[in-house]
Amino acid sequence: QEAFQEATQLEPQLVSAHFWLGQLAFEQGQAEAAWRAFDTVVRLDPDNAAAYHNRGVAAYQMGLLEQAVADLSAAKEKDPDDPQTRYQLGAVYLMQAVPAVPGAGLPDAERLQQAKTEFQAALDICPGMPQALIGLGNLYLVQGDTQAAIEHLQQALEREPKSPEALYALAQAHAQQGDLEAACSTIDRFLALEVAEEWRAQGQEMRQQWNCP
């Protein structure tokens, strides 16, 4: 990292050094530093689709959803065949569709459709893409279509059996369908993984709600 920082000081217009500083910031969980680095890349190289994509992901991590949509849409315009950009844009639309406070209104139907379009586009480009399958699974959960959610999440798990995102959502889908035995066994698979403490606490809370043995 110090080498790239030194390179940007010696040659401020060096796009590759700023880009790698952003990548390193991502690896260290520093979304704001990543955003600044990719913002510099975008200003230096306005046609850099990857920089728009990464700046959009950083904005998403910072909770700046409108900025994320703008950046990911720009990345899609420059590289429409990148499945990761299509997936990420769908993920932002899905977050925008769901009320910030549970029960504070109905999901935004237009945003849900936009999310579905992007997830499906990602799958068209990259069939079987686990992230896009999980995105669709979560979208169907929001819509209350638990069977479709289960089908997509199980497809994702066939490709990534230890995906915490897929297992967490699948447990919720089984619970919504009334199959608490399957919900409990799935949340136990989730809890057997190494996940963030906050996420683990939510899983434990769900387990108690379902009276898992």
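Q: How are α8 and α10 oriented to each other, roughly parallel or roughly perpendicular?
A: This is a predicted model, in which local features need pLDDT of at least 70 and side-chain atom pairs count only at pLDDT 80 or more, while totals for chains, interfaces and linings use all residues. Residues are numbered from 1 along each chain as its sequence is written, and side-chain values use heavy atoms, with hydrogens and water left out. Helix α8 (residues 130–143) packs with α10 at an angle of about 25°, and their axes are 10 Å apart. The two helices are therefore roughly parallel to each other; angles under 35 degrees count as roughly parallel, over 145 as roughly antiparallel, 65 to 115 as roughly perpendicular and the rest as oblique. Axes are lines fitted to C-alpha atoms, for helices over the stretch in contact, and angles run from 0 to 180 degrees between N-to-C directions.

Q: Which residues make that contact of α8 with α10?
A: From α8 they are Ile134, Asn138 and Leu141, and from α10 they are Glu165, Ala166, Ala169, Gln172, Ala173 and Gln176. Contact means heavy atoms within 4.5 Å. By class there are 5 nonpolar, 3 polar and 1 charged residues; Ala, Val, Leu, Ile, Met, Phe, Trp, Tyr, Cys and Pro count as nonpolar, Asp, Glu, Lys and Arg as charged, and the others, Gly among them, as polar.

Q: And α9 with α10, at what angle do they pack?
A: Helix α9 (residues 146–159) and helix α10 (residues 164–176) pack at about 150°, with their axes 9 Å apart. They are therefore roughly antiparallel to each other. On the α9 side the contact is made by Thr146, Ala149, Ile150, Leu153, Gln154, Ala156 and Leu157, and on the α10 side by Ala166, Leu167, Ala169, Leu170, Ala173, His174 and Gln176. These residues divide into 10 nonpolar, 4 polar and no charged.

Q: Stepping back, how many helices and strands does the chain have?
A: The secondary structure comes to 12 helices and 0 strands. Helices (H or I, at least four residues) and strands (E, at least two) are DSSP runs, numbered from the N terminus. The C-alpha trace spans about 60 × 35 × 35 Å along its principal axes.

Q: What share of the residues is buried?
A: Buried residues make up 47% of the 213 residues in the chain. Buried means under 20% relative accessible area, exposed over 50% and partly exposed in between (1.4 Å probe, protein chains only).

Q: Glutamine 88 next: buried or exposed?
A: Glutamine 88 counts as buried because its relative accessibility is 15%. Glutamine 88 lies in helix α6 (residues 83–97). Apart from neighbours within four places in sequence, glutamine 88 is in contact with His53, Val57, Tyr60 and Leu72.

Q: What does tryptophan 35 touch?
A: Tryptophan 35 belongs to helix α3 (residues 31–44). Leaving aside neighbours within four places in sequence, tryptophan 35 is in contact with Arg55, Ala58, Ala59, Met62, Gln67 and Asp71. From tryptophan 35 to methionine 62 is 27 residues in sequence and 9.1 Å in space, C-alpha to C-alpha.

Q: Last one: what is phi of asparagine 211?
A: Phi of asparagine 211 is near 55°, a positive value in a residue other than glycine. Most residues other than glycine have a negative phi. Asparagine 211 is found in the segment after α12 (197–209), and asparagine 211 counts as exposed because its relative accessibility is 65%.
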